[in-house]
Amino acid sequence: MKDKLLNIYSKSPIWVQNMICTFKGSKEKRSRLGGEFKKIYSELLKSEFFDKEKIDLYQFEKTKEILKYCNENIPYYQELFEKINFKIEDFNSLKDLERIPILTKEIVRDNFEKLKNHNFEGKIVHSQTSGSTGKSLQFDFAVDAIQFRWALWFRHKKRFGINPKDSYATFTGLPAVPLNQNKPPYWRENRAMKQTIFTMHHINNNTVRSVVERLNKGGFKYYSGYPSILFSLANLIEENSLKITDSPAVIFTGAEALLKYQRDKISKVFGCLVTDQYGFSEGCGNASRCEKDLFHEDFEYGVLECHNPKKNDDGSTTGTILATGFTNLAMPFIRYQVGDTATWVDSDCSCGRKSKTIKEINGRNEDFVITPEGNKILRFDYIFKDTKSIRESQIIQKELGSVTIKIVERKGNNRSDLEKLLRKEIKNKISRGLNISFEYVSEIERTNTGKFRAVKSLIK
């Protein structure tokens, strides 16, 4: 059904596609900015500058609440707490969280039904992500938790003068513009959210002049998107001696680590501040940059732990991120292993915020694949979202025009069906001309630092 709808969308006139984007946008607007959004947003603006003592008390009480909730409503945690003899009345500090075993993506997959509150009475959205490792993961999300997350993200934007009603341009990997389109406009309009959508598939030498012309017509208070897409566009603008004449006030990036060289180039070409926040689809933790350029843990949303900490020469501490969320009562995660690492610092930040500070988010820096169309594609997570038989995967490009997909398969995988699905997904969402081969392995090699690379290029 989804493929049929996508085919109808692709063959529709552009004005119809804009209407569909706007219709979908109106639904997203209600889900994200409706309901309790305004109330939550107002409360978050008040709590932003809590002192450390008040933050510690808030997180302790919220953590104890979610542990009690899980013990009463979530079968997986009921069984786990009994097994490890964990009692809520014995929870006396956040340090006691360490008694609870880590929740991995694999545990979530294997215990999906047990991790849900089957008596939850609120509205639920079924969501999924492949994350940075190419593993498909499904989970339920309470609608009010979605509104809390967007209120949090708009609190971050407000630090830089942006409000929920401001118009913006989005640079994304979703194929809002059909892959086979070869003339302008290379963007679509979501008028419900004052959003213009630019896709990574249509940012190349053949399209850049048209894209820049649209950006220079103005009307955008800010940009948002993947740093890799914005960096690629910035390079193309420079290489073609083009110029942005109507700069946004600020650019917000997400979904990938914002690297310094990317940030510098994006800021230079677009003539504005570039900042980011750290979050993930599972929605159980978040950290946002302040005006002084440090990430601050958004303590109202959950607890971010530094697991297996290692001291660095400069006094900072690097470890893997574990997250315990406060807001998603439909499917709460405790000590969830996100798959990223971060570097924490002790800082009395001059911005005035007192929550824990992080100077760098690690673990999301990956290579890119060059398609026959000349596009640089860094993320392939879209193609894995409907797969359940892959334990882990990696995209490798050894030569132009082709890629190899390494797959660690789960038991019962039908290779023929899986390969057919992935070829179709790549054709529809990445490139029609890319040759694809498959390699089945027992494990995928990590880097020397233990990092998983979802995309690996061997082309110099």
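A search of the whole structure finds 0 disulfides, a disulfide being a pair of cysteine sulfur atoms within 2.5 Å. This is a predicted model: local features need pLDDT of at least 70, side-chain atom pairs count only at pLDDT 80 or more, and totals for chains, interfaces and linings use all residues. Residues are numbered from 1 along each chain as its sequence is written, and side-chain values use heavy atoms, leaving out hydrogens and water.

Cys 290 is buried at 2% relative accessibility; buried means under 20% relative accessible area, with a 1.4 Å probe and protein chains only. For Cys 284, the closest cysteine sulfur is in Cys 70, 11 Å away, also too far.

Now turn to strand 7 (residues 250–253). Strands are DSSP runs of E, at least two residues, and helices are runs of H or I, at least four, numbered from the N terminus. Val 250 and Phe 252 are buried on one side of strand 7, Ile 251 and Thr 253 on the other. Strand 6 (residues 222–225) runs parallel to strand 7, joined by 4 bridges. Here Tyr 223 stands opposite Ile 251. Strand 8 (residues 273–278) is also parallel to strand 7, again with 4 bridges. There Thr 253 stands opposite Asp 276.

Last come the cores. A nonpolar core is a set of buried Ala, Val, Leu, Ile, Met, Phe, Trp, Tyr and Cys residues joined through side-chain atoms within 4.5 Å. The largest has 64 residues, and Tyr 77, Phe 81 and Tyr 336 touch the most other members. Helix 7 (residues 143–158) gives this core its largest share, 8 residues.

Technical notes
Buried means under 20% relative accessible area, exposed over 50%, partly exposed in between (1.4 Å probe, protein chains only). Two strands pair if DSSP finds at least two bridges between them.
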